[in-house]
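Please read the following explanation alongside the sequence and the model.

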Amino acid sequence: MKIIFYEQNTDTDAWLRGFARELPEADVRVWQPGDTAPADYAVVWRAPRDLFANRPDLKAVFNLGAGVDAILDVERKEPGTLPPSAMLVRLEDTGMAQQMVEYATYAVLRYMRRFDEYEALQREGRWEKRTQHARKDFIVGVLGLGVLGGEVARALVALGVPVRGYSRTAKELEGVAVYAGPDQFDAFLDGAHMLINLLPHTPDTEGILNARAFGKLARGAYLVNVARGAHLVDADLIGALDSGQIAGAMLDVFHTEPLPKEHAFWRHPRVSVTPHISAETLREESIVQIAAKIKALARGETISGIVDFKRGY
Ligand code: NAP
Ligand code: GLV
């Protein structure tokens with residue numbers, strides 16, 4: 001079996017060693033421009049279009065991330081970029097859920113206990129106590145209840161805050177008040193103290209974090225965006241921060257990455273910026289999952305994590 005690998009700025013040799021260990025019978029090569037030799041599988045992150053050209057035999061494309069928005073965006077603009085023979089498969093958890101739980105838990109504790117304000121007070125040398133938010137009233141809304149959002153919602157229930165969840169289809173999660181579909185979106189937002197975004201970026205979710213949504217939250221609510229920059233209308237967040245409707249935001253993802261030096265988020269006193277690290281792709285976990293799926297496909301079995309192009313995730 002032949003596998004092509006493409007990811008820039010990574011330890012490529014370590015990936016190749018891992019695949020050689022898990023799939024000793026496979027011939028795994030790094031794709032270079034001009035390489036049109038046959039391949040059964042592609043393992044890629046942000047691959048150029050040319051990688052997919054003239055590959056009628058490609059059985060699956062494994063995306064080295066949970067989000068497939070970049071690759072689907074190319075396919076939407078230029079249909080047929082991905083070979084029709086190939087299914088698109090996303091990473092499922094591979095250690096990202098725990099990282100998201102850590103980021104979300106940190107954000108909840110940071111804002112509920114007002115550590116953001118104490119950091120600002122320290123910079124001014126001010127000894128001043130602030131009333132903390134009461135845990136039982138600090139409603140946290142998790143947008144997206146999939147592999148990552150589901151784990152985050154469960155962890156926040158264990159932390160003892162009231163948790164709401166928003167998904168496309170209805171589901172049951174112990175301790176979580178679940179709202180599903182656009183008809184229940186406003187009820188999901190109503191009076192919430194924090195929003196944590198873990199939706200996929202699709203045409204339906206683009207710009208969902210906007211002035212209208214912020215206006216439904218409790219005054220002085222907090223925003224955590226760990227999904228995609230395209231979910232957020234940047235100017236609406238700046239407006240909501242400046243009016244006090246939003247009291248603080250932790251942002252890990254942006255319309256343009258790296259975040260341009262001149263962007264207002266860098267300098268806004270109530271915005272914390274992290275460089276798309278809330279849940280990193282872990283090499284070993286990803287190799288093991290992808291290799292197991294390739295083996296399952298070779299045995300003629302079905303696998304999970306196949307992207308539904310129409311749904312967009
Ligand atoms: P997932 O398992 O596919 O879950 C997606 C969730 O969003 C599902 O609950 C789905 O609802 C819901 N959803 C989708 N479209 C919706 C809509 N229009 N309205 C309401 N709910 C909708 O995805 P995941 O693995 O949890 O990952 C989520 C996203 O996190 C990725 O797409 C990626 O963009 C982002 N991410 C970011 C980082 C980072 O480092 N910043 C790392 C990994 C992932 P249903 O359950 O009803 O289908
Ligand atoms: C990272 O952003 C991912 O989608 O896995």
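D35 and R55 form a salt bridge, with N and O 3.8 Å apart; the term stands for a side-chain nitrogen of Lys or Arg within 4 Å of a carboxyl oxygen of Asp or Glu. D35 sits in the loop between strand 2 and strand 3 (41-44), and R55 in the loop between strand 3 and strand 4 (60-63), so the pair ties together parts that are 20 residues apart in sequence. Strands are DSSP runs of E with at least two residues, helices are runs of H or I with at least four, and both are numbered from the N terminus. Both D35 and R55 are buried (under 20% relative accessible area; exposed is over 50% and partly exposed in between, with a 1.4 Å probe and protein chains only).

This is a predicted model, in which local features need pLDDT of at least 70 and side-chain atom pairs count only at pLDDT 80 or more, while totals for chains, interfaces and linings use all residues. Residues are numbered from 1 along each chain as its sequence is written, chains are lettered from A and ligands numbered from 1 in the order in which they are written, and side-chain values use heavy atoms, leaving out hydrogens and water.

The structure holds 21 salt bridges. One of them joins K2 and D27, at 3.7 Å from N to O. K2 belongs to strand 1 (residues 2-6) and D27 to strand 2 (residues 27-30), 25 residues apart. K2 is partly exposed at 35% relative accessible area, and D27 is partly exposed at 36%. R212 also pairs with D186, their closest N and O atoms being 2.6 Å apart. R212 is in helix 7 (residues 211-216) and D186 in helix 6 (residues 185-189), so this pair ties together parts 26 residues apart in sequence.

An automatic or database assignment sets the domain bounds: domain 1 (2-94 + 281-299) and domain 2 (96-273). Between these two domains there is 1 salt bridge. D69 forms a salt bridge with R228, with the closest N and O atoms 2.9 Å apart.

What lies in the interior? The largest nonpolar core has 53 residues; such a core is a set of buried Ala, Val, Leu, Ile, Met, Phe, Trp, Tyr and Cys residues joined through side-chain atoms within 4.5 Å. Helix 3 (residues 96-112) gives the most to this core, with 10 residues. Domain 1 and domain 2 both contribute residues, so the core lies between them. Apart from this core lies another, of 29 residues, among them I208 and L209.
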